Amino acid sequence: METTKYSVGLDIGTTKIVAIIGKENEYGKIEVLGIGKSKSLGVHRGVVNNITQTIKSIQQAVEEAEANSGLKIGSVVVGIAGQHIRSLQHSDYITRTDSEEVINDDDLDRLVNQVYKLVMLPGEEIIHVLPQEYKIDGQAEIKEPIGMYGGRLEANFHVVVGQISSIRNVGRCIKSAGLDLGNITLEPLASSDAVLSKEEKEAGVALIDIGGGTTDLAIFKDGIIRHTAVIPFGGGVITEDIKEGCSIIEKQAELLKMKFGSAWPGENKDNEIVSIPGLRGREPKEITLKNLSKIIHARVVEIIEQVYVEIKNYGHEEQKKKLIAGIVLTGGGSQLKHLKQLVEYITGMDTRIGYPNEHLAGNSDEEIASPLYATAVGLLMNAVRNGEYQSNAEEAVVSEEQIEESVEELVLAGEEEVKENNPQGNKERKSVFDKWSEKLKDFLDNAE
């Protein structure tokens, strides 16, 4: 049986949970082997608020992915988001004992571990420590210090901080769903891996991932992460507004948004009307598309303006920090009609929709290349890159203890048989041993 080494990403979102299994092919691209998704019922604005429901949804998604791929899921790389995420800039240094030796990985690890010891606010912990630039003995703007000489190694860090309880709850859901937690990654970082090119990260780009419960922002410049933020509004709030504004149920509001919704109210004529069936025995409701897009427009403008405040906080208006590649929109919310034009109008920055197909193998399902799966694909890439592998050999071959026990049993049985059949001599020994090895071979064959 051929062994497949594969990795798994699990995106626990507010509206959906996606489990995605994949491996790296010989060209360094990601080949998706199976995908499973389920409706997310226990997550609110990126944070778990009902453990039991979330566990059920995770199990559903995982079972579907396993059925699609015929592989077993053991450990997963998970994304974390939510309004409790904040980021800060910090610089730190270490003094090396021997400046005659070149700087190596151990020195960098020592420096990063020192940052992890920073005292945070009560109830917070550090999720990521991302080095930006290094300084060696006062010489600044060093991107790769390994192999250089120096006594004092300094660095600026982008530190991402989150609430301990929220992170623990995610971990608990994973464990209770019968999975191992491989790694936790910030969702905007995962999405940016999936949809941004190296050139964009160099030129300066803001990635806006509009999900169901949150809008995540990641800003890159000179190939380095400069700013991250999570805004506690997403596509779900727009649906809520339509529900309230048109007095209809959530399911209808979601369908209306997806089918007829537009972020730009100017394009709908006053006489364009859509009829919504009334609840049991009631008259159908008539809603003008102009009103619908006015409701959507008001909320989308609010979300974009909050994101734009974060982009300005980073310092986009300074010449040196200008984001030349503009904005990339991704996530389910980015599929809203005319959103790209509205973002360009409000921010004055070039905008494109980001599809996670840049790193996917050519034969991948078209559905997976949708902005909806940007985070899930990014988490899978993270799992592959960090060597979070599983292999189907693990389930095919029975555990070593079982084999050892069976070998012992067979050896004992073989010895007993020898004693019974041949109390004096060794003539028949070989044939009994043959029988025994055949039994073992059968056992191993059946184990596959």
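Strands are DSSP runs of E of at least two residues, helices are runs of H or I of at least four, and both are numbered from the N terminus. The model is predicted, so local features need pLDDT of at least 70 and side-chain atom pairs pLDDT 80 or more, while totals for chains, interfaces and linings use all residues. Residues are numbered from 1 along each chain as its sequence is written, and side-chain values use heavy atoms, without hydrogens or water.

Colour its buried residues (under 20% relative accessible area, 1.4 Å probe, protein chains only), among them I51, I55, I58, V62 and S69. Seen down the axis, the buried residues of α1 fall within an arc of 170° (taken from the directions from the axis to the C-beta atoms), so they line one face of the helix. Turned away from that side are T52, K56, E63 and A67, which are exposed, meaning over 50%.

Next, at the N-terminal end of α1, show N50, which caps the helix with a side-chain oxygen 3.2 Å from the backbone nitrogen of T52. Just after α1, G70 takes a positive phi of about 70°.

Finally, select D193, K201, F220, G223 and R385, the closest to the centre of the second largest pocket among its 26 lining residues. Strand β8 (124–136) gives the most to this lining, with four residues.

Notes:
A polar contact is a pair of N or O atoms within 3.5 Å; within protein, one must be able to donate a hydrogen and the other to accept it, and residues adjacent in sequence count only if both atoms are side-chain atoms. On a 1 Å grid over the protein atoms alone, a cavity is a set of points where a 1.4 Å probe fits but cannot get out, and a pocket is an open set with protein on both sides within 12 Å along at least five of seven lines; lining residues have an atom within 4 Å of a point.
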